[in-house]
Amino acid sequence: MDVKRQPKIDFWEMLEKLTPENRRPGDSGEEVIQAAARGEEQATSACTQPPALASDALMERICEPENRKLACKRVMANKGAPGVDGMAVRQLPGWLDGHKQELIASLLDGNYQPTEVRGVPIPKPGGGMRQLGIPTVVDRLVQQMILQVFGPILEKTFSQSSYGFRPGRSAHDALHKAKEHVADGFSIVVDIDLERFFDRVNHDVLMNRLSRHVRDKRLLKIIGRFLRAGMMQDGVCVGRHEGTPQGGPLSPVLANLLLTDLDRELERRGHRFCRYADDCNIYVRSMAAGERVMAGVSEFLERKLRLRVNREKSAVAFVQERKFLGCRLLPGGRLGIAPQSLDRAKERVRQITRRSRGVSMDEVIGELSLFLNGWVVYFRVAECKSHLQRMDEWIRHKIRCLRLKMCKRTKPIADWRMKLGVPERRAWILDAERQRVVAEVGQSPGRRGDVQPLVRGSGPDDPDVEVRAATTLNETAGYDEYVRWCGRTGAERPPPTRLAPTQLQLKCN
């Protein structure tokens, strides 16, 4: 007996059946979205959700000249790469002069059609790739116009424990709040990692949450088209049925809108938590409570919001064993730098000071200053004095190595030292000693300047002893007290005690 398969019913067909007065979208992409479907199971926090907006004229506010001009300024200030059409940001004012009326008319009619986004994969700090979707400049302008009107409306509905991509809030605010929770005795953290969150957002669930706040069907249609716009990568356009690619102005606020249900659920259960975008930490007092919270929250995310929890990266542990926004919480509510953040900073410094780059010293110093200023400003809230001191010494060492590499030969090295104030005779003596020590160490199987080489020799008492060079190049007679400061001003230090070419340490077999 043949059994006929029932056709799959998507979100739009379900809306048509539940609200027959509305027509279903056709093949051209025209959509009409009502408030939340009556047949969908609502989240637990739905009882406290705000009513939908009574205004049906949001698009008129979006298309106002003042809002459009402000959006144009912000898009140009953000700069950014071109989209699939190759149009640069600086070309936007000229494009608006000739197409402004056409753009406004398409928005007011609800017929605006976004262009495909340009897919750009970038490496993630923890491994793997993050998929960016770069919209065209015109699409960025439209999204910014929508965000400036729609963002403040949604902002009122977000949780006080949410800090990511919100005006007046920053990662430092989230870290200060986390410190308060740990200082109150909540020393166990439930660290929840959502697997590829921006790539796995369910469009039906997101549009359902969006329809709770908006009645302007034109705005809902255009946002729906932005979500389903194809992605162009390697010359191939791929359709998208889930996800909100990072790169557009609307993506952060839509992500916060979807995860607001999670915030309300955690508040209803009385948990202490901090959420920054998709990075959520819940603080409890015991491991047993943490395991229960992990199981309950994971079920809520997967069943209600259709999101996937990364079981390998999520964990229940003491706060000092996990990192949050690049920092590590310590017992008592103190804050330190996570080891992973230090490793990434050092790797970035290595890339900038690579001796085979072929760039000038001024360019290297400029890139280092730009990176280090931002890095230090971000981690200023952490207890990191000793880390910064060691980092400063290590960076100055890298700069000295780069400067000597640029000088290459004896005369440029001596000239450079004399510019720093070293007497001429001493500058030449130091370079001669440096060359002799390098030649001696280079004859050994060890690495020059790094490994203490083994040299066979005869001791005064024992004819067969092992002589170990106990000092590196900087500890020999070639030690240069001036390069320590890299040209810093100030009083000159007294010369160091001169050592023998190699300080020998006898070790009997």
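**Note on the predicted model**

1. In helix α12, the buried residues are Ser341, Leu342, Ala345, Val349 and Ile352. Viewed down the helix axis, these residues fall within an arc of 100°, so they line one face of α12. The model is a predicted one, and this applies to every point below.

2. Helix α12 covers residues 339-352, which makes 14 residues. From its first C-alpha to its last it reaches 20 Å, close to the 20 Å expected at 1.5 Å a residue.

3. The secondary structure consists of 16 helices and 13 strands. Among contacts with a separation of 6 or more, 68% are between residues 24 or more positions apart. The accessible surface of the chain is about 27,800 Å², and carbon and sulfur atoms hold 51% of that area.

4. Strands β6 (residues 272-276) and β7 (residues 279-284) run antiparallel and are joined by 5 bridges. Tyr276 has Asp279 of β7 opposite it. The hairpin leaves 2 residues between the strands, and Ala277 takes a positive phi near 60° there.

5. How many disulfides does the structure hold? The count is 0. A disulfide is a covalent bond between the sulfur atoms of two cysteines. For Cys280, the closest cysteine sulfur is that of Cys274, and the two sulfurs are 8.5 Å apart, too far for a bond. The cut-off for a disulfide is a sulfur pair within 2.5 Å.

6. Is Cys280 buried or exposed? Its relative accessibility is 3%, so Cys280 counts as buried. Cys72 has a relative accessibility of 10% and therefore counts as buried too.

7. Thr244 lies in the loop between strand β5 (236-238) and helix α10 (250-268). Despite this loop position, Thr244 is buried, with a relative accessible area of 2%. Which residues does Thr244 touch, leaving aside those up to four places away in sequence? They are Phe198, Val201, Leu206, Leu227 and Ser251.

Key:
Residues numbered from 1 in each chain as written. Predicted model: local features only at pLDDT ≥ 70, side-chain atom pairs only at ≥ 80, totals over all residues. Heavy atoms only, no water. Buried < 20%, exposed > 50% of the residue type's maximum accessible area, 1.4 Å probe, protein only. Helix = DSSP H or I, 4+ residues; strand = E, 2+ residues; numbered from the N terminus. Contact = heavy atoms within 4.5 Å. Areas by Shrake-Rupley, 256 points an atom, 1.4 Å probe, with all protein chains shown as cover. Expected span 1.5 Å × (residues − 1). Arc of directions from axis to C-beta. Pairing = 2+ DSSP bridges.
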